[in-house]
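Q: I'd like to learn how to read a structure like this one, feature by feature. Can you walk me through it?

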Amino acid sequence: MKKRVTNKYKVKQPSQRAVRRGGHMSNIETSSQKTTTPTILDFFAGSGLVTEGMRGLFETVWALDNSSKKATVYIANHGQEHFKLDSIEKIRGSEIPEADAAWASFPCQDLSLAGRMDGLEGVRSGLVWEWLRIIDEMNRRPKLLIAENVLGLVSAEGGEYYRAIHKALQIRGYKSGAVVLDAVKWLPQSRPRVFIVSVPKEFDCSRFSMPFPGWPHPASVVRVGAGLADWIWWKMPQPGQKIRRLSDLIDKTAPCDCESKTKQNLAMVPSNHQKQLLQELANGFKVAAGYKRTRNGRQVLELRFDQVAGCLRTPDGGSSRQVLVLKKEGRLVTRLLSVRETARLMGAPESYSIPGTYNDGYKAMGDAVAVPVVRHLAKSLLLPLMRALNEKN
Ligand SMILES: C[S@@+](CC[C@H](N)C(=O)[O-])C[C@H]1O[C@@H](n2cnc3c(N)ncnc32)[C@H](O)[C@@H]1O
């Protein structure tokens, strides 16, 4: 994959206009002082699960993605009025509506351990600089910024990528903190993600923060945040919801593999997992999820027996779709996760429409942000912060 040449590692400076403004948050105002529901811009909106999680809390007034397939999913669920199908590189800040907040779930491929790790120089993850350019170009910058990505953002290269973004936000007048929220606290899917939340430097956020790390700050975040200027340890309540089990989400209408395909899949299960499967069968086994991986030059199907699915990924490679082993009518069968199951694993409502092929649907969900995670963050931190930010002015 070609590298993004324009941004190298250096933090982009604010535009001349922003520099003239002093790059300070005195210029950060919003349109929503008139409205009760704060407004938000959904950059890299994909299939719309961020907007879904924000429903009733923040109103999405503009959303952007350059994938026509994802756009179909977004529009089917949220309408097309505020959706823009284009590349972020073509967007000018002066063209988009003012809003209280801006969210960017920027592409993760260059930060993901499974990817090539070109980092923030990569052509995909480097698009975060385009987001910041647009913020610079806006007549009034949003008061609240949220950037979301995989754990590599804080853990890779000794935290270098996080620090680069932190510095870019500082230059623009924001102070920030990162929290890690794993979807497994709400859903039967292991999906840890980093959320950087930024507010104007002059805003007193002592009500919303702690002097030390808490539960959303794993060691990687503590390492990167400790001692950093303009860093905030955000305070959030733990989720109290009952977690559903993988077996609660099974799509009973999904067709299973034929006998020979099932046999072939089960033969790929490594011997230690086969042993565990036999033990589970004696204890009312219902379902296990797993990925096919290459180990020592051989393809194996590794299962997990904790009633949780592995992290959904985009099905670009044949081995990246998750396989289920189920007990059905007294025997074991296998099949790929259905699209409806991927939607359930992301916490999308049953009514969420996912048009397109199997791969389109799987990709739309595999790339998204889990709905209850967005909702918890929005309810317990972003909305209270936004109200306080708007009260201040
Ligand atoms: C991590 S996904 C975001 C998913 C989304 N927040 C959701 O919940 O469905 C990153 C998104 O960035 C989009 N994207 C990649 N390159 C882009 C570009 N140049 N301009 C706009 N969007 C782009 C992809 O199509 C993808 O939907």
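This is a predicted model: local features need pLDDT of at least 70, side-chain atom pairs count only at pLDDT 80 or more; totals for chains, interfaces and linings use all residues.

Q: How many bridges join strand E12 to strand E13, and do the strands run parallel or antiparallel?
A: Start with the general idea: in a regular strand, side chains alternate between the two faces of the sheet. Here, E12 (residues 323–328) and E13 (residues 331–336) run antiparallel and are joined by 6 bridges. The two strands make a hairpin with 2 residues between them. In that turn, Glu329 has a positive phi of about 50°.

Q: What about the loop between E11 and E12?
A: That loop holds Gln307. Gln307 isn't a glycine, yet its phi is positive, about 65°. With 17 C-beta neighbours inside 10 Å, Gln307 counts as partly exposed.

Q: What does Asp257 touch, and where does Asp257 sit?
A: Asp257 lies in the loop between strand E9 (233–234) and helix H8 (259–267). Leaving out residues up to four places away in sequence, Asp257 touches Thr262, Asn265, Val333, Thr334 and Arg335. Asp257 is partly exposed, because 17 other C-beta atoms lie within 10 Å.

Q: Is Leu153 buried or exposed, and why?
A: Leu153 counts as buried because it has 29 C-beta neighbours inside 10 Å, where 20 or more is the cut-off. Leu153 lies in helix H5 (residues 152–155). Not counting residues up to four places away in sequence, Leu153 touches Leu111, Tyr161, Tyr162 and Val194. The C-alpha atoms of Leu153 and Val194 are separated by 7.3 Å, though 41 residues lie along the chain from one to the other.

Q: How many residues does the largest nonpolar core have, and where do they come from?
A: The general idea is that nonpolar side chains in soluble globular proteins tend to be buried together. In this model, the largest nonpolar core has 102 residues, and those with the most contacts inside it are Phe43, Ala101, Ala102, Val128, Trp131 and Ile146. Helix H12 (residues 371–392) gives the largest share, 10 residues. Domain 1 (16–243 + 370–392) and domain 2 (246–365) each contribute at least three residues to this core. For a close-up, take Trp131: leaving aside neighbours within four places in sequence, Trp131 is in contact with Phe43, Ile88, Ala104 and Phe106.

Q: Which residues are closest to the ligand?
A: Of the 22 residues that surround the ligand, the closest are Phe44, Gly46, Ser67, Ser105 and Ala368. Helix H2 (49–54) and strand E2 (59–65) supply at least two shell residues each. By type, the shell divides into 11 nonpolar, 7 polar and 4 charged residues.

Q: And the protein overall: how many helices and strands are there?
A: There are 12 helices and 13 strands. Of the 393 residues, 44% count as buried. Among contacts with a separation of 6 or more, 71% come from residues 24 or more positions apart.

Key:
Residues are numbered from 1 along each chain as its sequence is written. A nonpolar core is a set of buried Ala, Val, Leu, Ile, Met, Phe, Trp, Tyr and Cys residues joined through C-beta atoms within 7 Å. A residue is buried if 20 or more other C-beta atoms lie within 10 Å of its own, exposed if 12 or fewer, and partly exposed in between; C-beta atoms are placed from the backbone. Helices (H or I, at least four residues) and strands (E, at least two) are DSSP runs, numbered from the N terminus. Domain bounds come from an automatic or database domain assignment. Two residues are in contact if their C-beta atoms, placed from the backbone, lie within 7 Å. A residue is near a molecule or strand if its C-beta atom, placed from the backbone, lies within 6 Å of it. Ala, Val, Leu, Ile, Met, Phe, Trp, Tyr, Cys and Pro count as nonpolar, Asp, Glu, Lys and Arg as charged, and the others, Gly among them, as polar. Two strands pair if DSSP finds at least two bridges between them.
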